[in-house]
Amino acid sequence: MIICRTPLRISFFGGGTDLRSYYRSKPGRVISTGIQRYLYVVVRYQAEFVEHRYRINWSRTEFCDEIDEIQNPIAREVFRKFNVEKPIELTTFSDIPAGTGLGSSSAFSVGLVNALHALNGDRVTKYTLATEAAAIELDILERAMGKQDHFAAAYGSLNVYTFNVDETVTVEPVYYDPDVVESLNSSLMLFYVGDQRDASDLLETQAAATAEKKGVLSAMSDMVDPMVEILSGRGDLSDVGPMLHESWLLKRSITARISNDEIDMAYGRAMEAGAAGGKLVGAGGGGFLMFFVEPSRQADVATALAGRPFIKPRFDTAGSRITYYEPDRLV
């Protein structure tokens, strides 16, 4: 049995520049982090005499004998990539439901790739995990999405990712001041605004708008370096709120589908109650609104958004990791 734990993620600045429609003409840059909310992947070989070769437990349970029969598209294509022929059971579950803008599909892709490499006894880099998982979703499944989620899931922690024209990705860890990061951790509130959804359709719309919105996307990416300066202790942490607000105004101008009346109302109430700024995490249309709120004002903001669940996740520092390893018990 192999158990893999992979973090979900929040992106601060630069989202959208990790789409091919942007970085194939100009490198994209994103600063993001894994968070201490996780998706788990459990894989184990089954006895040779089980009735069905593949058992897949996700939002439903599948019993299949051929890889082509598997309905979960990521599981199907990862199994195909690894040429999984022995009877095997796959189970996945998460701290946060899928479709909430925290990169769950990418966390599943990365976690499953990591688990199967471990099952095969392969030691691979985080870069390999991220690129292989991204290739499954972008190239094989042809999903309209960026690569940042796969890298954030694989690496965890605070990193700057540069998405190059030649499809390579440059990973730069942020050398942060621990006190600054602790204060940032204490100042973030993520409120759930509903509408679990598949981001691919919305990202297709955004990709189509990229040509005429390159200036907007570049302005969002230009906030990456100031954020690095703040995290390293050479800037003012109180600037994060206004920067998030500016980034949100830019993001929602890309397409009318990114926000809606309910999201705008919740955002306005939080700002009136004392939030310094915020943004919708993920592609848009629903999920979590992330706010920067001084601790002294957080009770006011929570009251203003009463009835909406919120989380205060701390940052993950490990990325995707194998937490249990017993590969050959039934071999």
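**Figure 1. The interface between domain 1 and domain 2 in the predicted model.** Together, domain 1 and domain 2 bury about 2900 Å² between them, and 69% of this area lies on carbon and sulfur atoms. On the side of domain 1, the residues that lose the most area to domain 2 are Phe12, Phe13 and Tyr176, which together account for 23% of what that side buries. The size of an interface is often expressed in this way, as the accessible area lost when the parts come together.

**Figure 2. The two domains of the protein chain.** The domain assignment places residues 2–176 and 317–325 in domain 1, while domain 2 covers residues 178–311. The centres of the two domains, taken over C-alpha atoms, are separated by 24 Å. Contact between them involves 33 residues of domain 1 and 37 residues of domain 2.

**Figure 3. Polar contacts and a salt bridge between the domains.** Eight residue pairs are in polar contact between domain 1 and domain 2. Several elements each supply at least two residues of the side of domain 1 that touches domain 2: strand 1 (2–13), helix 1 (20–23), strand 2 (28–45) and strand 6 (158–163). Strand 1 gives the largest share of that side, with five residues. By residue class, the side of domain 1 that touches domain 2 consists of 18 nonpolar, 10 polar and five charged residues. One salt bridge is found across the interface of domain 1 and domain 2. In a salt bridge between Arg29 and Asp225, the side chains meet at 3.0 Å, N to O.

**Figure 4. A salt bridge between Arg24 and Glu167.** The count of salt bridges comes to 19. In one of them, the side chains of Arg24 and Glu167 meet at 2.9 Å, N to O. Arg24 lies in the loop between helix 1 and strand 2, and Glu167 in the loop between strand 6 and strand 7 (169–173), so this pair ties together parts that are 143 residues apart in sequence.

**Figure 5. An aromatic pair formed by Tyr54 and Phe79.** A search of the whole structure finds 14 aromatic pairs. Among them is the tilted pair of Tyr54 and Phe79, with 5.7 Å from centre to centre and 50° between the planes. Tyr54 belongs to strand 3 (residues 54–57) and Phe79 to helix 2 (residues 73–81); the pair links distant parts of the chain, 25 residues apart. The distance of the centres and the angle of the planes are what describe a pair of aromatic rings.

Technical notes:
Residues numbered from 1 in each chain as written. Predicted model: local features only at pLDDT ≥ 70, side-chain atom pairs only at ≥ 80, totals over all residues. Heavy atoms only, no water. Domains from an automatic or database assignment. Contact = heavy atoms within 4.5 Å. Buried area = accessible area lost by both parts, 1.4 Å probe. Salt bridge = Lys/Arg side-chain N within 4 Å of Asp/Glu carboxyl O. Polar contact = N/O pair within 3.5 Å; in protein donor to acceptor, adjacent residues only side chain to side chain. Helix = DSSP H or I, 4+ residues; strand = E, 2+ residues; numbered from the N terminus. Nonpolar A, V, L, I, M, F, W, Y, C, P; charged D, E, K, R; others polar. Phe/Tyr/Trp six-rings, centres within 6.5 Å; stacked < 30°, edge-to-face > 60°.
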